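This report looks at salt bridges in one protein model. Please view the sequence and the structure before reading on.

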Amino acid sequence: MSVLSPEVHSELATLLKGLQSPDNVERTNAEQQLNDVWLAGRPNVLLVGLSEQAQLAQEPATRSFAAVIFRRQSSKQRKLSDGQLRELFLSLPSDERDVIRAKLLQCLTTESDSSVRGKIGDAVAELARQHTADTVPWPELLEALFAASRSAEPGQRETAFRVFSATPEIIEKSHEEVVLSAFKGGFADSDTSVRISAVEAFASFFRSIAKKAQAKYYILIPEILNILPPIKESGDGELLTKALISLIDLAEVAPKMFKPLFNSLVQFSVSVIQDKELGETPRQNALELMATFADCAPVMCKNDPNYTNDMVTQCLSLMTDVGFDDDDAEEWNASEDLDADESDSNHVAGEQCMDRLANKLGGQVILPPTFNWLPRMMTSSAWRDRHAALMAISAISEGCRELMVGELDKVLDLVLPALRDPHPRVRWAGCNAVGQMSTDFAGTMQEKYHSAVLPNIIPVLESQEPRVQAHAAAALVNFCEEAEKSILEPYLDQLLNHLMMLLQSEKRFVQEQALSTIATVADSAETSFDKYYSTLMPLLFNVLKEEQSKEYRLLRAKAMECATLIALAVGKARMGEDALALVQLLGHIQNNITEADDPQASYLLHCWGRMCRVLGKDFVPFLAGVIPPLTELGGAKADIQLLDDEDQVAQIQDEEGWELVPLKGKVIGIKTSTLDDKHMAIELIVIYAQVLEEVFEPYVNDIMDKIALPGLAFFFHDPVRVASAKCVPQLLNAYKKAHGAESMQLGQLWERTVERVLEVLSTEPAIDTLAEMYQCFYECVEVIGKNCLTNNHMSTFIESAQSVLKDYQERVNERREELAEAEDGEEASEETLFAIEDDQNLLSDMNKAFHTIFKNMGTTFLPHWEKLMDFYKMAIVNEDATQRQWAICIFDDVLEFCGPQSWTYSQHIIQPLVDGMSDATPANRQAAVYGAGVAAHKGGEAWSEFVAACLPTLFQVVQRPTAREDDDVFATENACAAIAKILHFNASKVTNWQDVASAWIDTLPVVNDEEAAPYAYAFLAQLIDQQNPAVFNRAGLAFQSVAQALEAETLQGQTAARVVASTKALVQATNLNLGQAAATLTPEQQRTVQAYFA
């Protein structure tokens, strides 16, 4: 029975008809009426009426559409009389809400049309979401849904589970026995569609509940898995896909709950992957399920007797499913769409899975079964087998790097002959493997195997097939960008002759790739590229000067990129007048760009940046044309759209450059392409500020206020915030260079900058980006210099640091709990390892911020800093070495920059330094011995007895068996410098000074640490000047240590000159035979001796 009049329903029927009209004018008028008349003036009548239309309208299409419109409108925001915003349904009077809820629940139980019932279910789910989000009770809902899940009508049961799936929160607080009973009933349902809906609902529910509550529901897994075989036997790929997707969701959240039945699930999934009758989608979802276990439970996969062998076999099999109906690759050769989307193809699914298996399970597990197949596949007469084998090598090389890098010669023995294979797609795959290996084994590939790789791949540039030519050139990009100039030099003639030949190709994509490769070669070859400049640059100028049609725009963009990278390689002097000519050409091209999608525009932005680096301050006249497009991009606002319905979501999904984010039952579309451009623009501004410094001043204020400072809090895109954090200190530096460190202009800019920078230290949500914000802060302080912070600034800094450290401790505790729950042999997940790394970087950058404040503010920072002492007390005794190091480094700063006043905190500092000097972690020993040295140097009389007592421990650090190994050498060299400081600054407290000085000579040389070396060698020079027996009796050793430091360049500048002069005096005074003394030195060190002492 209707509570509204027939007239109202007549109006609503007309409205619904208009909203569905194919006529744009009629539909627009209806939308306007909906917003202006119904939503604005009669919202309660609208929602009541729509619920009645969904219940009572004659046509199923009308009932369905009424439910859809109800769902969309019910969640619209409405401003209440008190100014607050609330969703429309919840803003209605309670009696009207009661009517609507009752009618919708009644519709669920009486609607016979499955499509309409589904739309009503979506509307009920939306209301359920609103009630749950605002904690508004709706007790009738659960009762109705549980009743529907036991209905005699399958459609009712399915709809109940669909609502549970959409809003799992509504059953979270129900008694677990009730929930278990409902799901058990669903999994055992006689109707397959109901069983699948129950599985989907359970996956949604399981993801929503707290981790500690999940274990109660593990008992349901056998019943879920029992659903799968009958569906597979029926051949229904669509239902099987739905079930597998739900299992993927569950595997991501709690893979271990599958452990008792994992082997059975592996065998079932493999049987699905093998079954070609099922179609590609369910087969690929079965593969994805197994790959998800590798991602989330690698130990479980390694321990399963079938998993690795079966998965590798199935991946390789899928990878042979390529080039169907194109055996001779004629279609493939003819295609110029090199970026064709093949993401849903079996061979791509196999490749991606192999990559994940290698990364998650490692070479020890993946290489044996893989290389059991690869040699046979490489010698197969079927080209698809050879192609798959090469693509497998590309896929696993990153994950298996540690083991494969030692066997590269054997791998290349398989790969390089494929570059001469008769089939073009195999040659293409060979190029792909070479390119991927050049990246994954960067350094080793170039240094050890250039003589094998380059002579084999350069001839592939002569292939008959343009796609193979282009891919060979692309592989050379990977090889060359990681190669040193000296490695490439012998091959440059052959390489560039072939690439210039490709510039004559009839295929534009080949020309474009050739230009990219030439650009990379120039970038790596640097000045060695000089001899090819006069041949190549005129060709590029010709391309840039030609007025070409639209299809040649990308080619010209690549030519710009190539020309400017060559300019960077050879430099301004070699270019001569060409430099200005190139800049003028770029300006001409920029002035003629008229279309928004012209690729030349984005390439130009980078080209201008390169030419600025080439020309330096000669670039200033061109800034007026360059900066406006950059600031327009850099100042762009986020393009965000609220998507109300599935059609809008589908439309946005089809467009490139959008990210969709679910939020409160709706979907937000964020145009990421705009954000990427904004990020790029700010990065380029950083380059201009760095290169041009004071002459960039006219742009600084505008960019700081409109782009850089707002960018610090641009929460839609992390990279924009990071680039802004890099930009701010560079802009300050440019302004300082223009106006002076003490200028009023710089002071005013700093005043408004420091407030914003301090603010983001408290508001930045991402840990890795927060580290960048701390870096931004300390770089700014470094630029502005002494006494640049007020008490308020320092107080605000400490408040944010307290909050950050508290959050950090909570994350550490959570990880400790996870570790305690882990099974034996289970390694930390990749996500956890990344989180630990992010936290370590954060602590490191926070340390640098404290260091910089102490350096510039001195003792005035102490009253603020000491508020954090409780954190240091906990950190210094923490089992986590990173936390101990963090605390010791802070204490070092107090000693270094607060001098004798640091003794006030001696009871907090002494024991951490003593323990730190014996710490098992080398970085902590280094920090502690450095602290002892600083206390001797800066601490004054109060610290003198303590540092003298440290001498035996410092010698123990130097005498460790591993003292000169890579991990330990910095601690060793800092201990050497610390002993020197104690002997120099605290001599009166060292009872056996001469014996200690004699023993100290054995702690030399210092050939790694550039900060420690000057102190050590200045003290050595002092001993020589005093003709101290400690050094005169060990003249040969002293001389050798000086030669080693000079060759290592840890000894430079005035200190080097002074030490060399003293060492010459030592040689003369002791009649030291230089030939004998230098005999044990390396050839490089002997050449250094010749240069300084001949």
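The text below goes through salt bridges of this predicted model.

The structure contains 46 salt bridges. Among them are the pairs in this table.

| Pair | Closest N and O atoms |
|---|---|
| D98 and R101 | 2.5 Å |
| K531 and D493 | 3.4 Å |
| D598 and R553 | 3.8 Å |

D98 and R101 both belong to helix α6, which covers residues 94-110. They are about one helical turn from each other, because 3 residues separate them along the helix. D98 is partly exposed, with a relative accessibility of 41%. R101 is buried, at 10%, a value under the 20% cut-off for that class.

K531 and D493 form a salt bridge with closest N and O atoms 3.4 Å apart. This pair connects distant parts of the chain, 38 residues apart: K531 lies in helix α33 (residues 530-545) and D493 in helix α31 (residues 492-502). K531 has a relative accessible area of 56% and is exposed, while D493 is partly exposed at 39%.

In the salt bridge of D598 with R553, the closest N and O atoms are 3.8 Å apart.

Which residues are linked in a network of salt bridges with R553 and D598? The network also includes K550, E595 and D597.

Terms used
Residues are numbered from 1 along each chain as its sequence is written. This is a predicted model: local features need pLDDT of at least 70, side-chain atom pairs count only at pLDDT 80 or more; totals for chains, interfaces and linings use all residues. Side-chain values use heavy atoms; hydrogens and water are left out. A salt bridge is a side-chain nitrogen of Lys or Arg within 4 Å of a carboxyl oxygen of Asp or Glu. Helices (H or I, at least four residues) and strands (E, at least two) are DSSP runs, numbered from the N terminus. Buried means under 20% relative accessible area, exposed over 50%, partly exposed in between (1.4 Å probe, protein chains only).
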